[in-house]
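Please open the model in a viewer and keep the selection panel at hand. The stops below are meant to be visited in order.

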Amino acid sequence: MRLGTRGSPLALAQAHETRAQLAAAFDLPDEAFEIVVIKTTGDRIIDRPLKEIGGKGLFTREIEQAMLEGSIDLAVHSMKDMPVLQPDGLLLDTYLPREDVRDAFVALHAGGLGDLAPGDRVGTSSLRRGAQVLVSYPHLEVVEFRGNVQTRLKKLNDGVAACTFLAVAGLNRLGRSDVITAAIAPEVMLPAIAQGAIGIERRANDSRAAEMLEAIHHTPTGQRLAAERAFLAELDGSCETPIAGLADLDGGTLRLRGEVLRPDGSECLKDDRSAAIEDGAELGRAMARDLLEQAGPGFFDWRQ
């Protein structure tokens with residue numbers, strides 16, 4: 001069985017985690033699962049902001065095409081990169097247990113954003129993180145910042161920015177939690193939709209893959225993402241839109257927190273609701289509709 005993935009260290013770590021779970025579930029050797037690296041548009045174009053070259057499909061399009069053509073059997077994705085709609089013939093309904101959802105503040109000489117001086121630069125390629133920073137710290141400057149962990153640490157050493165953000169989940173999966181200056185609570189910085197979750201996509205008519213994936217699917221993660229991704233879908237969210245959201249479970253209740261921001265940080269609209277777990281997706285859609293009504297036209301327009 002061939003598992004398609006991007007070639008970044010984090011993507012490979014996630015593919016190996018998926019392979020290990022499948023191998024353990026069916027008492028198979030690792031060699032039963034081949035990891036196939038596929039370079040995506042988002043990997044090839046690294047000198048421009050993501051918002052200039054397209055939306056979330058930048059990191060998935062070529063992988064999904066390979067699956068439709070039959071050169072891979074499964075695709076392993078970071079769920080926060082995934083569009084809310086899959087191409088005809090593909091299905092995304094399997095999730096591994098979710099990792100830490102928080103954002104990591106990474107800096108060489110500051111313990112947190114409050115330690116930075118007016119005009120200090122915050123490096124991030126995420127419109128969400130940039131907008132969230134500017135909401136609370138309008139005196140800081142947000143600059144474009146892409147690359148893997150080592151690249152970003154080098155940029156910090158070179159003085160390109162005073163700090164940056166990475167997902168705690170990614171650093172944990174890479175064994176690089178040592179670079180975290182501080183993990184930021186969701187109450188302070190609400191994470192991206194589906195942050196920390198790994199999703200596995202398959203062909204809709206592949207019964208063998210469906211049977212195997214059922215054995216490793218983590219239902220609570222699926223319930224949380226159903227609400228978050230319904231919220232995102234109703235907002236028509238993409239990498240060009242500052243949106244945050246997080247669902248948590250408590251017994252039979254799902255709590256969803258959602259947030260939409262103006263890209264310049266001048267306004268942030270929030271909501272916080274709870275419902276029965278089985279109503280999570282409808283809760284996400286209803287919250288999105290209400291926030292869109294509050295936002296009004298032009299809310300997500302961004303200016304350089």
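Relative accessible area sorts residues into buried (under 20%), exposed (over 50%) and partly exposed (in between), using a 1.4 Å probe and protein chains only. The model is predicted, so local features need pLDDT of at least 70 and side-chain atom pairs count only at pLDDT 80 or more, while totals for chains, interfaces and linings use all residues. Residues are numbered from 1 along each chain as its sequence is written, and side-chain values use heavy atoms, with hydrogens and water left out.

**Stop 1: helix 4**

Select residues 61-69, which form helix 4; helices (H or I, at least four residues) and strands (E, at least two) are DSSP runs, numbered from the N terminus. Buried here are Ile63, Glu64, Ala66 and Met67. Just after helix 4, Gly70 has a positive phi of about 90°.

**Stop 2**

Select Arg2 and Asp73, which form a salt bridge whose closest N and O atoms are 3.1 Å apart; the term requires a side-chain nitrogen of Lys or Arg within 4 Å of a carboxyl oxygen of Asp or Glu. Arg2 belongs to strand 1 and Asp73 to the loop between helix 4 and strand 3, 71 residues apart. Arg2 is partly exposed at 27%, whereas Asp73 is buried at 7%.

**Stop 3**

Move to Asp103 and Arg129, a salt bridge with its closest N and O atoms 2.7 Å apart. Asp103 is in strand 5 (residues 103-107) and Arg129 in helix 5 (residues 127-136), so the pair ties together parts that are 26 residues apart in sequence. Both Asp103 and Arg129 are buried.

Then select Glu234 and Arg289, where the salt bridge has its closest N and O atoms 3.7 Å apart. Glu234 lies in helix 9 and Arg289 in helix 10, so parts 55 residues apart in sequence are tied together. Glu234 is partly exposed, with a relative accessible area of 30%, and Arg289 is partly exposed at 38%.
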